[in-house]
Structures are given as C-alpha cells and as structure tokens.
Amino acid sequence: MNRPQPVKKRCPYCGGYFTPYIRAIKTHKSCGKAACSKKQKREAQTAWLKRNPDYFRGRYIKVKRWRDAHPGYQRKYRAANPEQVARDNRARLARWHKRKRFRTEIQDGLFRRRIARIQDLKGTDIQETLNLKLDGIIAVMSG
Ligand SMILES: [Zn+2]
C-alpha cells in the first residue's frame with residue numbers, strides 16, 4: 001500500500017522546496033535550515049509579542065519581590081554556576097560594545113555631515129570661500 005506523499009512546500013525564507021513532516025503539514029513552515037528556522041522563530045516571536053504586549057512588562061517588580069523573599073539566592077546561584085555567570089558577563093559586555101559602536105556611528109555621521117556642510121560652503125570669491133571653510137573647520141574642531 002502506498003502512503004500518501006506530502007506535497008512539497010516552498011520555504012518562505014530561502015525559496016527552496018522541502019517535504020513537510022506529514023503530521024505537521026499545516027504548521028510546518030520553513031525548510032529547517034538554521035538560517036530559515038532563525039528567521040521563522042524571530043517572526044513568530046515578534047507576532048507573539050504583538051499579541052501579548054504586556055507579557056514582559058512589570059516583570060522586574062515581581063522578580064525583585066521574589067528575590068527579597070529569597071535572600072542570598074542570587075549569590076548562591078552565581079557561586080554554583082560560574083560558567084553561566086561568565087557567559088552572562090560576556091553577553092553584557094558584548095551588548096555594551098554594540099551600543100557603544102552604535103553611538104560612535106551616530107557621532108561619526110554627525111561629524112561627516114558637518115564636514116560635508118563645510119565642503120559645500122561657497123563665498124563670493126575664492127578668498128571668502130577659504131575664509132568660510134576655515135571658520136567652519138575651526139568651529140568643528142572647537143566642538
Ligand atoms: Zn529555507
């Protein structure tokens with residue numbers, strides 16, 4: 001007896017075809033490649049957060065109350081899980097560097113726009129143009 005073969009589906013993320021798992025044919029959405037799964041997970045998470053906007057709001061008060069009721073828990077946990085603590089610290093540092101890069105890019109963009117404005121300056125003659133540009137450079141350098 002021939003089993004019914006599921007119809008191949010197209011992955012919305014990479015465009016490739018895949019054979020969905022027969023029991024999950026309605027819900028099986030992506031081809032399963034790591035990049036496609038990641039995109040699908042991100043989309044599903046975003047959609048879920050849109051449906052449940054308050055789910056993570058006000059969590060800290062709850063956590064803080066729990067911590068107050070369980071003094072020393074955090075210290076014991078950290079002592080017992082040094083690799084987890086190191087991982088958290090690395091992730092925190094990475095987030096900090098990412099934010100710093102982002103801020104630096106904003107500042108660089110500001111600087112580039114100021115330079116472009118100076119380059120566009122035009123006076124009535126070459127002498128006035130040079131004077132305007134020099135004033136602009138001095139203004140940028142003095143902050
Ligand atoms: Zn795919």
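**Figure 1. Order of the elements along the chain.** From the N terminus on, the elements of the chain run β-β-α-α-α-α-α. In total, the secondary structure comes to five helices and two strands. The radius of gyration of the chain is 28 Å, whereas the globule rule gives 15 Å for 143 residues, so the chain is more spread out than a compact globule. The model shown in this and the following views is predicted.

Figure 2. The C-alpha trace spans about 90 × 55 × 30 Å along its principal axes. Of the 143 residues of the chain, 1% count as buried. Among contacts with a separation of 6 or more, 9% are made by residues 24 or more positions apart.

**Figure 3. Cys36 and the residues it touches.** Cys36 belongs to helix 1, which covers residues 34-51. Leaving aside residues up to four places away in sequence, Cys36 touches Cys11, Tyr13, Cys14, Ser30 and Cys31. One of these contacts is with Cys14; the two residues are 22 residues apart along the chain, and their C-alpha atoms are separated by 6.8 Å.

**Figure 4. Phe102 in helix 4.** Helix 4 is formed by residues 82-120, and Phe102 lies in it. Inside 10 Å, Phe102 has 10 C-beta neighbours; because the cut-off for an exposed residue is 12 or fewer, Phe102 counts as exposed. Ile61 is also included in this view to give a distance: Phe102 and Ile61 are 41 residues apart in sequence, and from C-alpha to C-alpha they are 30 Å apart in space.

Figure 5. Helix 5 consists of 16 residues, 126-141. At 1.5 Å a residue, helix 5 should span 22 Å, and its end C-alpha atoms are 22 Å apart, which agrees. The number of buried residues among the 16 of helix 5 is zero, so this helix lies largely in the open. Just after helix 5, Gly143 takes a positive phi of about 95°.

Technical notes:
Residues are numbered from 1 along each chain as its sequence is written. This is a predicted model: local features need pLDDT of at least 70, side-chain atom pairs count only at pLDDT 80 or more; totals for chains, interfaces and linings use all residues. Helices (H or I, at least four residues) and strands (E, at least two) are DSSP runs, numbered from the N terminus. The radius of gyration is taken over C-alpha atoms; the globule rule is 2.2 Å times the number of residues to the power 0.38. A residue is buried if 20 or more other C-beta atoms lie within 10 Å of its own, exposed if 12 or fewer, and partly exposed in between; C-beta atoms are placed from the backbone. Two residues are in contact if their C-beta atoms, placed from the backbone, lie within 7 Å. The expected span of a helix is 1.5 Å times one less than its number of residues.
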